[in-house]
Structure formats: C-alpha cells, structure tokens
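Have the viewer ready, and let us begin with a single side chain.

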Amino acid sequence: MQATKRLNGNLSFSKNLWRGQKASLTNDSKRRNPELFLREVSTNDHYLKMFSHLIEDMLLPSSIFDSCFINGKACGSENFTSFLSSTFGMCYTFNSGNDGRPVINATMSGDVNGLKLLLNVERDSYVDNPIKPFAGLTVRIHDQHTYPFVEQFGFSVQPGLRTLCSIKQKKIMNLPRPYSTNCSSESLYMFHNSRYKYSKPACLTQCLYSFIIKNCGCRPIEYPDLKVLVCAPNDTILCLYPKTEIFGTSEEKVNCGKKCGVACEHTHYETSLSNAALQRNVFIKKLTSSPNITADFPFYENFLKMSDSGKKDYIDDNIISLDIYFEDLSYDEIRQTPVYEPWSLISNLGGNFGLFLGMSILTILEVVDFVFRRICSLIWKH
C-alpha cells in the first residue's frame, strides 16, 4: 500500500503523531502525508484498512494445517465478517449471522469440539505504536445480537501458545418499570439497520461518540451517522483518544449513566482460560516441507530463509493456537420475578379487607348485644 510505504518512510512523523506532539501538525507533514489528515465521508477506503491484517493471510495455510475447524468440519475466511474499530483497526467476527449464512450451533461440549483456529499475527508488519506496544490478539465472546465491545470486555491471547477458552452461557432477564431495575429495550441510533440489541454499554458508547463528535468535529469509524465526516488519523490520535479518557470523568458520562438502564434481556458468556506450549518443530517441519507455500503466501519466503533458531523465534512471536468451546451445553437463566404478581396482591388485599370487615361486623353485633342485655337488665329491675 502506498500509505504504508509513506508512513514507514517517515518513522519520526509516525512517532510524533502517536505521542500527540505538535511537530506532526506542520504544513510539511501534511504535504508529505496528506492521507493522514483527510476526513472521509464513508469507510470504504479508510486508513485503518491500509494498516490492518487480512483474515485470509492470518489463517495458516489450509493446505498444510487445519487452521479453521468447527464441530469437526473445516471453515475458512468466508466464515468471518469484518468491522472497523478506532482502537484495533480491522476486526473480524466468526459466525456473525450478518453475512446471510446460517448461524453455526455447537453440537457437543469439551475441547475436542468447538472452534479451533491457527493464526499468524504477522508481527513483522506491525506499525510502531508507543501508546499500546503490545502484540497478539484481543478476543471477545458474544452472541449474534450483542455488539462486540472488544476494547471493554475482550481478553488477550499471546503468540507462541495454545490458548483454550471454555465458555458458559448465562441469560439474564430483568423487569421493566415500575420495578426498581427499570430495564430498557429501546433502539439506539448507532445500531439502526442492524441486528444488535440494546445494552447498557451500547447506550454509554453512543453517549461517548456524541461527546467525541461535539468536541472533535468528526465521528469515530464505528458511528453510522453519514452526515458527519469520519475522523482522520491525526483526529483519532490527537483528539479522539484524549476525549475518550476525558469522557470517563465528565458530567456527560454521569448524566448518561443515569439515563442508560440495564437491558431487559442480555446474554453473557463466562470465560475460563488455560494455556499450553506449542510444538515448534511440528510447525517448522510443515511450513518448510510445503513446496508451494510462497506462491500463495509470499510473506513466508523470509521464514524459509531463517536459521533453525530464527524459525523457532518466529513461531513464538507469531503463531497462535486458539480453541473456543462450551464447558457445558446447558445454560444458566437468571430471571427477575415480582415478589407479588398483580392478582396475588389483589387477592391478599381482598383477604385482609375481608378479615377486617368480618371483625368490624362482629364488633357491632357485640355492641348491639351488650346494649340489648343492658336494657333488659334495667327493665327487670323495675
């Protein structure tokens, strides 16, 4: 990509921009890197796509490895859908249900089943990022109707290891007004024309994006309002990131927290992680013994030229094995129920009223009986 070559050729500019220094905002910098100051109407040619990894390159060659398997059947890049994140760039969702394909359901529990991925994080192609100098993947487990808030709830996966992630599904159902939870199921603007449902994090995020638009004059890539231009790279680093931190302690955040209630229905996945070492020699043998690997994956050409120790370091720095599976195919359901149903309340009130009314009539009869006996007593005395 031309933009990648430009940025790599001006590393000092890149570092100044990431650090938020004014030296990155000179006219000379804009002349040499115009694409980093350009606000866009759509996201089709957004700069994040230029610096992002492609899922078809990240998956290890399917002709050599079982790089994508689910329920014992092969899968591939066609099972992933992409979306852009201001923090992570290009992200991918497996089994999203948004691409017209039927949703794949789990058939058995345990690490023998589920989703198995072998990925290359292509660490050599990372752009220097002094703000987040990390390598690996961030993974978020969610259902098809929940927006993937990777930044807030994702967990990290380290290269050079096999990571096993067992999951347990929980369904939470809250009560609407007049009960104290006062749950909400309103539609959010940022999710219009999508299958994503309301959630409290989504409501807070919509407030955050409105705050950024007001203060930066541009919108984050995730926000769908086409009337506002998408933030350029300099906007993202010099305004979007700082304003995101400021929003956390702002009055807007406090007011938004009061307005955003919990969701009436929410599906949550509890995760449990464990790790195992990779057999580096197996990966090295398979990659070096494949005659046509450089034809389809030219970036492995440098790998074939490495020494044995260099190849082992490459496996440790780049290869990820990730298994995601259900701990149990059953799920926990947490459902709020009223202490008193309306008819139960009416019935109890009616019973109490009947009791007190019966007592009142009895008291009146006792008074009448007392008066009658008193009158009779007076008459008999005379």
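In this predicted model, a polar atom of the H142 side chain sits 3.0 Å from the backbone oxygen of T146. H142 itself belongs to the loop that runs between β6 (137-139) and α6 (150-153). Which residues does H142 contact once neighbours within four places in sequence are left aside? They are T93, P148 and Y269.

Now to the nonpolar cores. Nonpolar side chains tend to be buried together in soluble globular proteins. Here are two such groups, side by side.

| Core | Residues in the core | Some of its members |
|---|---|---|
| Largest nonpolar core | 26 residues | L188, M190, F191, Y198, Y209, I212 and C260 |
| Second, separate core | 23 residues | C68, L137, C165 and I320 |

The members named for the largest core are those with the most contacts inside it. Two or more residues of this core come from each of α7 (200-216) and α8 (233-247), and α7 is the top contributor, with nine residues.

The average pLDDT of the protein is 83, and 85% of the residues score at least 70. What happens to pLDDT over residues 1-11? Over that stretch pLDDT stays under 50, and the model has 19 contacts beyond four places in sequence for these residues.

Note on methods
Residues numbered from 1 in each chain as written. Predicted model: local features only at pLDDT ≥ 70, side-chain atom pairs only at ≥ 80, totals over all residues. Heavy atoms only, no water. Helix = DSSP H or I, 4+ residues; strand = E, 2+ residues; numbered from the N terminus. Polar contact = N/O pair within 3.5 Å; in protein donor to acceptor, adjacent residues only side chain to side chain. Contact = heavy atoms within 4.5 Å. pLDDT = per-residue confidence, 0-100. Core = buried A, V, L, I, M, F, W, Y, C linked by side-chain atoms within 4.5 Å. Buried < 20%, exposed > 50% of the residue type's maximum accessible area, 1.4 Å probe, protein only.
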